[in-house]
Amino acid sequence: MLTLLPLLVFGCVDQAVTCEAAPGDGAGDPYASGPYRVETSTFKVDVASRRRSRPLDLYLPQGREDAPLVVFHHGFAAPRSLYHRTACHMAGWGLATVMPQWDESFVFSQDHSELREDSLALLPALEMLETLDQVDFDNLGVAGHSRGGKQALFHALDEDRVRAVFAIDPVDSGSPFGDPDPVDFPLVSESLAALEIPTGLLGAGRGGETFDGGVISAPCAPVEGNYEVLFEASTAPTTLWTLPEAGHSDFADPCAEDPEACEPCIAGSDPGQARAVAGALAVSFFRMHLEGAEEQEQWLTGSGLPEDVVLDQR
């Protein structure tokens, strides 16, 4: 039985969230604020594999009818609050956004097979939200960063209603604490041939670097399971954007605002710009594929794409 309960918890992860940016003019530039004010709320949802309540944040564009829904999965052991500004940005452009918090830490890694089950367990909760007329639950996108990018790709494979998936510097790896069990930690690259929906991958060129050349430290995004591997494994209509000088954690709020907060990952040359690119591409990608906004193509592959972004498509 899955339940959805209002939650207000004070703490470093589950504190109430607000979107402070004032609405923009909606002229179309995805790097600017969108035209909608955003209402935020926090809930708990009972997930399948552990029968435990997990919190999630909901970002709703006010005054938008039939808003597409995007589920955003956080990175390994990361609080979902690290992606708050990206969620606010997407919702400001009319994309209702849900950010769940999964059950893991730096001393415990939830099995990725369980994460697949838990992702699907969100859907009954989302159906409960269908009483909100402004959300279109049959117009669904999924996104995520790092391990959450892998989870987003699995979510897209497992749920028929997903129409587009956007993975930010995804990491296709097993347990960080030992040899991966292929049952508990399956590789999504081995299943991507079955994915047929529009797929977006954003890669950080420095994600595979370490502070000491790998003598003691490990890369945050190992090259053997990074965005390039996933791009090669994909057979769906796939776009890969690469930021050659970006670091793996540049897309999280603390790193984007203070490069020292990127540790233990290598910071890129301009983390704030990397986060801005990720947010803008996510907005344009989902507006194009969930709303049919063809004019967004210019921001994805045309003149609106920053010069330092390397583009590949298949």
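1. In this predicted model, the helices α1 (84-92) and α6 (271-291) each contribute at least two residues to the lining of the second largest pocket. The greatest share comes from α1, which supplies six residues.

2. The second largest pocket has a volume of about 480 Å³, and 24 residues line it, with A21, S33, R85, C88 and H89 lying nearest its centre.

3. Distant parts of the chain are connected here, since C19 sits in the loop between β1 (4-6) and β2 (38-46) while C88 belongs to helix α1, 69 residues apart. Both C19 and C88 are buried.

4. A disulfide also joins C220 to C265, again with S to S 2.0 Å, and because its torsion is about -105°, this disulfide is left-handed. C220 lies in the loop between β8 (199-204) and α4 (227-233), and C265 in the loop between α5 (253-257) and α6, 45 residues apart. C265 is buried, at a relative accessible area of 7%.

5. C255 and C262 form a disulfide with their sulfur atoms 1.7 Å apart, and the torsion of about 75° is why it is right-handed. C255 is buried at 1% relative accessibility, and C262 is buried with a relative accessible area of 1%.

6. The count comes to three disulfides, and with the bonded cysteines numbered in sequence order the pairing reads 1-2, 3-6, 4-5.

Note on methods:
Residues are numbered from 1 along each chain as its sequence is written. This is a predicted model: local features need pLDDT of at least 70, side-chain atom pairs count only at pLDDT 80 or more; totals for chains, interfaces and linings use all residues. Side-chain values use heavy atoms; hydrogens and water are left out. On a 1 Å grid over the protein atoms alone, a cavity is a set of points where a 1.4 Å probe fits but cannot get out, and a pocket is an open set with protein on both sides within 12 Å along at least five of seven lines; lining residues have an atom within 4 Å of a point. Grid points are joined across faces, edges and corners, and a volume is the space filled by probe spheres set on the points. Helices (H or I, at least four residues) and strands (E, at least two) are DSSP runs, numbered from the N terminus. A disulfide is a pair of cysteine sulfur atoms within 2.5 Å. Buried means under 20% relative accessible area, exposed over 50%, partly exposed in between (1.4 Å probe, protein chains only).
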